[in-house]
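Here is a short note to read beside the structure. Take the points one at a time and find each residue as you go.

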Amino acid sequence: MAIDTSSTLTPSPAPPGDDRLSGRARLVLLVLCAAQFMVALDFSVLNVALPVLGKDLGMTQAGLQWAVTAFALPSGGFLLLFGRIADLFGRRRLFLTGLAVFGSASLIATFAWNQEVFLAGRALQGLGAAVIVPTGMSLLTTTFPEGPQRDRALGISGTLLSLGFTVGMVLGGVLTDTLGWRSTMGLLGGAAVLVLASAPGLLTESRHPGRQRLDIPGAVTVTGGLLAMIYALSTAAQRGFGHTDVLVSLVLGVALLAGFVVIESRADAPLVSLPMLKRRTVAWGNLGGLITFSMMSTVVFVLTLYLQEVLHLSSFRTGLVFGVQGLASVAAGMAAPKVIGRFGARRTLVGSLLAQGLFIGALLGLGTDSGVWLATAAVSVASMAHLGAIISYGLTVTSGVPDAEQGLATGLVTTTQQIGMTLGIPLLGVLATTGTDLFDGVRTVLGTGAAILVGTAVLVAAGLRGGSRDRGHAA
């Protein structure tokens, strides 16, 4: 792979087997992780502010749903496309562009004077996130060599990714109560400016110029298919799966994604290498990632309903529960690289999915008049297992992939992540809110989620069996 070293400020390599990072490598990691944390924060920081925002901008209940969907559509739909563009035309360049778009969009949303302008800002935020996430991850995996250094870097990145979602829920409530909902968007804009100011002097450009053609038919079909599927799943919770536009979007999404597979099998320079998708590590690793993200986001959603609507906890006390969860995630992120180093990424992925499912299942012991301590303990341990699954699935998918295709591999990883975070609540969370008894609905979601996680652990273990044992390389 040819590297354009427009900047000579590269991290100093460590001896093989050494996970110590140089001072400059730590700064590079800080910048890349700050960008990922910022995007994760955006997924949740606005949630508790939606009722206040709606009154201020005159949005209906259905309109409030678009405050979330307007971000989710482009952030999930364009990930694969931008991951591949970054491989071809420069990861650093695209990463900086994504930061600029995200920061500008956050300012538009901050100062929006009506709902149309606000939703446009949210959509542009999603587009910026679709650039930042795959390019940031591919910069990380190409900067830090495979081995202990990459394990440690991905461990820190995964920790901050999970923590960002939790911190967003707590911080969103505090900012909305003290400074108003606009401060949540202003925070994101300020964070983007800080990262954008720091990144150019630290990041080195990299690209794979050997194949400059972009698969346009593949890009159109996969992007259209993902957009249609995410739209359908995001709106099904509000309108139901029987609504016409949801059904049409589902059919269109399936048709476009099927067409994408046919196009890729015949393309000279495909957007997605089908042989890569046939790797056991890529297929089963991404399945594990999809399930861990979708189930954990759903559990956080229904536990918020349980704590506030069933136990009648205040927003502050609810935030404390998720604050403990965040601390547990930090601890797991610190420990995960050592666990993976001992047991391997594949075994860690399977064990993490299994543990996450078991401790979510423990939440079935919650009652209608008590359960705060059980909820805090069980969701914290489940979050630790979730963190182990995040890091190990990323390593499982990307290990052994050439640098020239890291953007593609990490694009698949992050597409799985974004779709998982979008998928779970519409599919399962709706079960908690459509019945007459919220508590029974919460228990149904928790039991279903636990069963799916345990079943996925079994499937992933069987799917990855027999491959090489070293750190989850493709067989």
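**Charged pairs, a helix pair and a patch**

1. The count of salt bridges comes to 2. A salt bridge here needs a side-chain nitrogen of Lys or Arg within 4 Å of a carboxyl oxygen of Asp or Glu. Keep in mind that this is a predicted model.

2. R122 sits in helix α6 (residues 115-143) and D42 in helix α1 (residues 23-44), so the pair ties together parts that are 80 residues apart in sequence. Are these two residues buried or exposed? R122 has 3% relative accessibility, so it counts as buried. D42 has 1%, so D42 counts as buried too.

3. R182 pairs with D56 in a salt bridge, and their closest N and O atoms are 3.5 Å apart. This pair also links distant parts of the chain: R182 is in helix α8 (residues 182-198), D56 is in helix α2 (residues 50-57), and they are 126 residues apart. R182 is partly exposed, at 28% relative accessible area. D56 is partly exposed at 45%.

4. Now look at two helices. The axes of α12 (residues 280-310) and α14 come within 11 Å and cross at roughly 25°. Angles under 35 degrees count as roughly parallel, so α12 is roughly parallel to α14. The crossing of α12 past α14 is left-handed.

5. Which residues make the nonpolar surface patch? They are L354, L358, F359 and V381, and the patch covers about 310 Å². Helix α14 (residues 345-362) gives the largest share, 3 residues. L358 lies in α14. With 53% relative accessibility, L358 counts as exposed.

Conventions:
Residues numbered from 1 in each chain as written. Predicted model: local features only at pLDDT ≥ 70, side-chain atom pairs only at ≥ 80, totals over all residues. Heavy atoms only, no water. Patch = residues over 30% accessible without salt bridge, like charges linked within 9 Å, V, L, I, M, F, W, Y side chains within 5 Å. Areas by Shrake-Rupley, 256 points an atom, 1.4 Å probe, with all protein chains shown as cover. Helix = DSSP H or I, 4+ residues; strand = E, 2+ residues; numbered from the N terminus. Buried < 20%, exposed > 50% of the residue type's maximum accessible area, 1.4 Å probe, protein only. Axes fitted to C-alpha atoms, helices over the stretch in contact; angles between N-to-C directions. Parallel < 35°, antiparallel > 145°, perpendicular 65-115°, else oblique. Left-handed = near helix turned anticlockwise from the far one by under 90°.
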